[in-house]
Amino acid sequence: MNIAVVGTGYVGLVTGACFAEFGVNVMGVDKDEAKIAMLRKGRVPFFEPGLEELVGRNMREGRLSFTSDVKAAVEKSLVVIIAVGTPQGADGAADLSFVREVALSVARHMNGYKVVVTKSTVPMGTGAMIRTLIAGNQAHPAPFSVASNPEFLREGAAIEDFMRPNRIVIGAEDPQAIAILKDLYNPLYLIETPFVVTDVVSAEMIKYASNAFLATKISFINEMALLCEAVGADVHEVARGMGLDNRIGRKFLHPGPGYGGSCFPKDTLAVLRMAKEKGLPGRLVGAVIEVNDEQIPRMVEKIARAAGGLKGKKLCLLGLAFKPNTSDTRESPAIRIIREIVAAGARVRAYDPAAMDEARQALPGIEYAEDAYDAARGCDALVIATEWNQFRNLDWDRMKAALKAPVVVDLRNVYDPRHMRALGFRYTAVGRPS
Ligand code: NAD
């Protein structure tokens, strides 16, 4: 089968490379010519474990190619997967301008039956909008189906998540489109991945409801962490005791600076916006967003307290990506925290194993270090902002020698408070007794 994946970002590139690995012929399409030129050389423009190898192998074996010529890609493909960005618009709703651009290109260039699939996270009703847009703009009338196939991969574990997902969601009304998509995912069918086949609007909503629920777990445990600090309980013990209950589950019960990244912040806002548009209160998701927004100033306050103020202080920040194993700094709590502490008069030395280039563009005014120990040099406090594995086993003797004062603020609760104190550090975590 020939398919086109339009948008070669985190989702589109992983999707294209993984389908190629399944034996499908994939054309990755992007309007960013520089990105396409890079991909054609087998180079991946961001860090995702294993992706460059997967892309390279499938290019060499002739199943994966890249182009900025959307016409050629649409003409050649039975399935066109839309994987472009749906960023937050000015009013909190998802901005669908890239999705519309692709739908119009499909309408202009289709030369026979096509299945047009949204993999981007799109608001409920987008499938219907795409159907109308294509039907009204076809250069040469041809039949087509519109389907929704939301993506649930996590950056940093994207290939594994794509190859072994918990479920595949297909939203389509047309049996031919459902059959084609099932065929595309056949290798996952064979390993007994559950398939949820439903209508388009329910599929679109499954994605938003899932992200809103996961964000709720994070804001919930952050609120509990705050209460733990007030009553002298340890949120680690609380989360473990809760999470062992199968009805609750252990995942997403890690307190910290709040959720970030390119999905949860924009998707929770979009859910709230959609509820309001329908005259619904959206109370719970509104509170989730509010709790999350309060986390950054809370973390800044925690750092200020530990460092004895911010003005004139030099602080070491470890981790800039919004989570480990990615170079993605979009909506990264670390970046937001740095902006606030710099605005309050502190200087920052930062280090991240993969996200330094991206961070330099967002934060040109801070110092970037060679490694974690270099970052700590002469600093009044060390802050762990992202829990990269590299930061889980730091040499604390070396760190103590590098720092001006033995102060550690662990926003990801990586270390054991008693151990850190025994090593002679003034150690602060989130939701744990200090
Ligand atoms: P991204 O910004 O990394 O990539 C989007 C790509 O689309 C860019 O390379 C851009 O140049 C390209 N593009 C935009 N308009 C185009 C057009 N008209 N023609 C061709 N290419 C075009 O975005 P992403 O992180 O991959 O996210 C894509 C979608 O997937 C979003 O809706 C997002 O919410 C959703 N999603 C993301 C993740 C994630 O972890 N990043 C997970 C699940 C779902």
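**View A. The left-handed crossing of helices α10 and α12.** The helices α10 and α12 cross in a left-handed manner, a crossing being left-handed if the near helix is turned anticlockwise from the far one by less than a right angle, and right-handed if clockwise. This is a predicted model, in which local features need pLDDT of at least 70, side-chain atom pairs count only at pLDDT 80 or more, and totals for chains, interfaces and linings use all residues. Residues are numbered from 1 along each chain as its sequence is written, and side-chain values use heavy atoms, with hydrogens and water left out. Helix α10 spans residues 200-231 and helix α12 residues 264-277; their axes come within 9 Å and cross at roughly 115°. Helix α10 is therefore roughly perpendicular to α12. Helices (H or I, at least four residues) and strands (E, at least two) are DSSP runs, numbered from the N terminus. Axes are lines fitted to C-alpha atoms, for helices over the stretch in contact, and angles run from 0 to 180 degrees between N-to-C directions. Angles under 35 degrees count as roughly parallel, over 145 as roughly antiparallel, 65 to 115 as roughly perpendicular and the rest as oblique.

**View B. Residues at the contact of α10 with α12.** In α10, K207, Y208, N211, A212, L214, A215 and I218 meet F264, D267, T268, A270, V271 and M274 of α12 (contact means heavy atoms within 4.5 Å). Nine of the residues in this contact are nonpolar, two are polar and two are charged. Here Ala, Val, Leu, Ile, Met, Phe, Trp, Tyr, Cys and Pro count as nonpolar, Asp, Glu, Lys and Arg as charged, and the others, Gly among them, as polar.

**View C. The packing of α10 against α11.** Helix α11 (residues 235-243) packs with α10 at an angle of about 135°, the axes lying 9 Å apart. This makes α10 oblique to α11. The crossing of α10 past α11 is right-handed. On α10, F220, I221, A225 and C228 meet V235, V238, A239 and M242 of α11. The contact of α10 with α11 comprises eight nonpolar residues, no polar and no charged.

**View D. The packing of α1 against α3.** Helix α1 (residues 10-21) and helix α3 (residues 51-60) pack at about 50°, with axes 9 Å apart. The two helices, α1 and α3, are therefore oblique to each other, and their crossing is left-handed. L13, V14, A17, C18, A20 and E21 of α1 meet L51, L54, V55, R57 and N58 of α3. Of the residues in this contact, eight are nonpolar, one is polar and two are charged.
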